[in-house]
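Trainee: Could you pick one part of this and take me through it up close? I'd like to know how it sits in the rest of the protein.

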Amino acid sequence: MSLFWIPLLLFLGAVGPLMVSRQGRSACAAVAALFPAATLAIVAFRIPRVFDGTIFRYEADWIPTLGVNIAFRLDGLSLLFSTLILGIGLLVILYARYYLSDTDQVGRFYAYLLLFMASMVGVVLANNLLLLWFF
C-alpha cells in the first residue's frame, strides 16, 4: 500500500465521527479509532523492512511544468514519530470516550483530532518543503 494513503486515511476518517455523532459517544469513538488503527497497521506492517534499512518512498507529479511533486518518505525517524503520533492519538480517542460528557460535541472533537493527526503524520512523512508547509 502506498505511503500516500497514510495521511489520506486520516483526512478521510475525519468525516466518520461527524456522520455518527448522533448515535452516541461510543459509536463516535469507535468510528474515530478505526482510521488511526488502520493507519497504524499500515505503518506497523513496514516496521521489519525499515529496521533492515529499507527507505520507502512515494512520488507523484503534482504540477509537472513547474517540477512540483508530492513526495513522501518513510525511514527510521519518520517511522518512530508516525507510530508515536498514531499510538498516542488512539489513546487520546480512548480517553476522550470516557472523559467527555454527553452534552459535548464529540463528533466535532474527534474530527478535529483526526485532522490534527493527519497533519502531524503528513509533516513527518513529507519529503519536500512544499508538502511540509502544506501539512
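**A close look at one helix**

Mentor: Let's start with L77, which is exposed, with a relative accessible area of 55% (exposed means over 50%, buried under 20%, and partly exposed in between, using a 1.4 Å probe and protein chains only). Before going on, some ground rules: this is a predicted model, where local features need pLDDT of at least 70, side-chain atom pairs count only at pLDDT 80 or more, and totals for chains, interfaces and linings use all residues. Numbering runs from 1 along each chain as its sequence is written, and side-chain values use heavy atoms, with hydrogens and water left out.

L77 is found in helix α5, and that's the part I'd pick. (Helices are DSSP runs of H or I with at least four residues, strands are E runs of at least two, and both are numbered from the N terminus.) Helix α5 covers residues 76-99, 24 residues in total. From first C-alpha to last it reaches 34 Å, close to the 34 Å expected at 1.5 Å a residue; the expected span is 1.5 Å times one less than the number of residues.

Now for the covered residues. In α5, the buried ones are S78, L79, S82, I85, L86, G89, I93, A96 and R97. Their cover includes α1 (5-13), α3 (25-45), α4 (47-51), β2 (68-74) and α6 (106-125).

Take S82, also in α5. S82 counts as buried because its relative accessibility is 1%. A polar atom of the S82 side chain lies 3.1 Å from the backbone oxygen of L79. If you leave aside neighbours within four places in sequence, S82 is in contact with V43, L74 and V124 (contact means heavy atoms within 4.5 Å).

Among contacts with a separation of 6 or more, 70% join residues 24 or more positions apart. Of the 135 residues, 38% are buried, and the C-alpha atoms fill a box of roughly 50 × 35 × 20 Å along the principal axes.

Definitions and conventions. A polar contact is a pair of N or O atoms within 3.5 Å; within protein, one must be able to donate a hydrogen and the other to accept it, and residues adjacent in sequence count only if both atoms are side-chain atoms.
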